[in-house]
Amino acid sequence: MSFYSENAPENFLCPITQEIMTNPVITKNGITFDRHALKLAIRQSGPKCPMTRAPLTMKDVVPNLALKSLIEEWKIKETARKENARQEKIRQERARFESLR
């Protein structure tokens with residue numbers, strides 16, 4: 001599981017890998033997958049959607065740019081949130097240490 005996946009909104013996760021998508025693509029049926037995971041699924045199982053089993057090739061998908069932007073924005077905010085939490089923990093440890101002196 002990646003640095004981000006544990007707190008990620010469910011719609012940021014690829015239904016195949018359950019990891020945050022880095023290159024989301026949307027099918028003609030409206031299902032979004034990570035491009036790499038979908039390519040592998042089609043290569044392994046044939047030209048069909050892993051979710052619906054409807055015919056599907058990589059030519060049938062388009063980038064989901066809106067979702068990609070939302071994911072990137074969320075990652076920036078999540079990184080800042082985690083860094084702030086880390087800094088707060090350091091401050092608390094220093095204060096605890098100082099109180100023991």
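**Sheet, helices and side-chain pairs in a predicted model**

The model contains an open sheet of three strands in the order 2-1-3, with antiparallel pairing. Strand 2 (32-34) and strand 3 stand at the edges with a single partner strand each, so one side of each is left without a neighbour in the sheet. Strands are DSSP runs of E with at least two residues, helices are DSSP runs of H or I with at least four residues, and both are numbered from the N terminus. Two strands are taken to pair if DSSP finds at least two bridges between them. The structure is a predicted model, in which local features need pLDDT of at least 70 and side-chain atom pairs count only at pLDDT 80 or more, while totals for chains, interfaces and linings use all residues. Residues are numbered from 1 along each chain as its sequence is written, and side-chain values use heavy atoms, with hydrogens and water left out.

Strand 1 and strand 2 run antiparallel and are joined by three bridges. In one of these pairings, Pro24 has Asp34 of strand 2 as its bridge partner. Asn23 is found in the segment before strand 1. With a relative accessible area of 28%, Asn23 is partly exposed (buried means under 20% relative accessible area, exposed over 50%, and partly exposed in between, with a 1.4 Å probe and protein chains only). Apart from its neighbours within four places in sequence, Asn23 is in contact with Phe33, Asp34, Arg35 and Lys68, where contact means heavy atoms within 4.5 Å. Asn23 and Asn64 are 41 residues apart along the chain, and their C-alpha atoms are separated by 7.9 Å.

Helix 1 lies across strand 1, strand 2 and strand 3, and runs at about 90° to strand 2. For this angle, axes are lines fitted to C-alpha atoms, for helices over the stretch in contact, and angles run from 0 to 180 degrees between N-to-C directions. Ala37, Leu38, Ala41 and Ile42 are buried in helix 1. These residues lie on the same side of helix 1 because they cover an arc of only 130° around the axis, the arc being that of the directions from the helix axis to the C-beta atoms. The buried residues of helix 1 pack against strand 1 and strand 2. The face turned away from the buried side of helix 1 carries the exposed residues His36, Arg43 and Gln44.

Positive phi values occur at several positions. Arg53, a residue other than glycine, has a positive phi near 70° and is placed in the loop between helix 1 (35-45) and strand 3 (62-63). In Gln18, also a residue other than glycine, phi is positive and near 60°. Gln18 belongs to the segment before strand 1 (24-26) and is partly exposed, with a relative accessible area of 41%.

The structure holds one aromatic pair. It is formed by Phe12 and Trp74 in an edge-to-face arrangement, 5.8 Å centre to centre and with 75° between the planes. Phe12 in the segment before strand 1 and Trp74 in helix 2 are 62 residues apart, and the pair thus links distant parts of the chain. Rings of Phe, Tyr and Trp (its six-membered ring) count as a pair if their centres lie within 6.5 Å, with planes under 30 degrees apart called stacked, over 60 edge-to-face and the rest tilted. Both Phe12 and Trp74 are buried.

Five salt bridges are found in a search of the whole structure, each defined as a side-chain nitrogen of Lys or Arg within 4 Å of a carboxyl oxygen of Asp or Glu. One of them joins the side chains of Arg81 and Glu78, at 2.6 Å from N to O. Because Arg81 and Glu78 are three residues apart in helix 2 (residues 65-99), about one helical turn separates them. Arg81 is partly exposed at a relative accessible area of 42%, whereas Glu78 counts as buried at 6% relative accessibility.

Glu83 forms a salt bridge with Arg86, with the closest N and O atoms 2.8 Å apart. Both residues lie in helix 2, three residues apart, or about one turn of the helix. Glu83 counts as partly exposed at 32% relative accessibility, and Arg86 counts as partly exposed at 43%. A salt bridge also joins the side chains of Arg96 and Glu93, at 3.0 Å from N to O. Arg96 and Glu93 are likewise three residues apart in helix 2, about one turn of the helix, and Glu93 is partly exposed with a relative accessible area of 39%.
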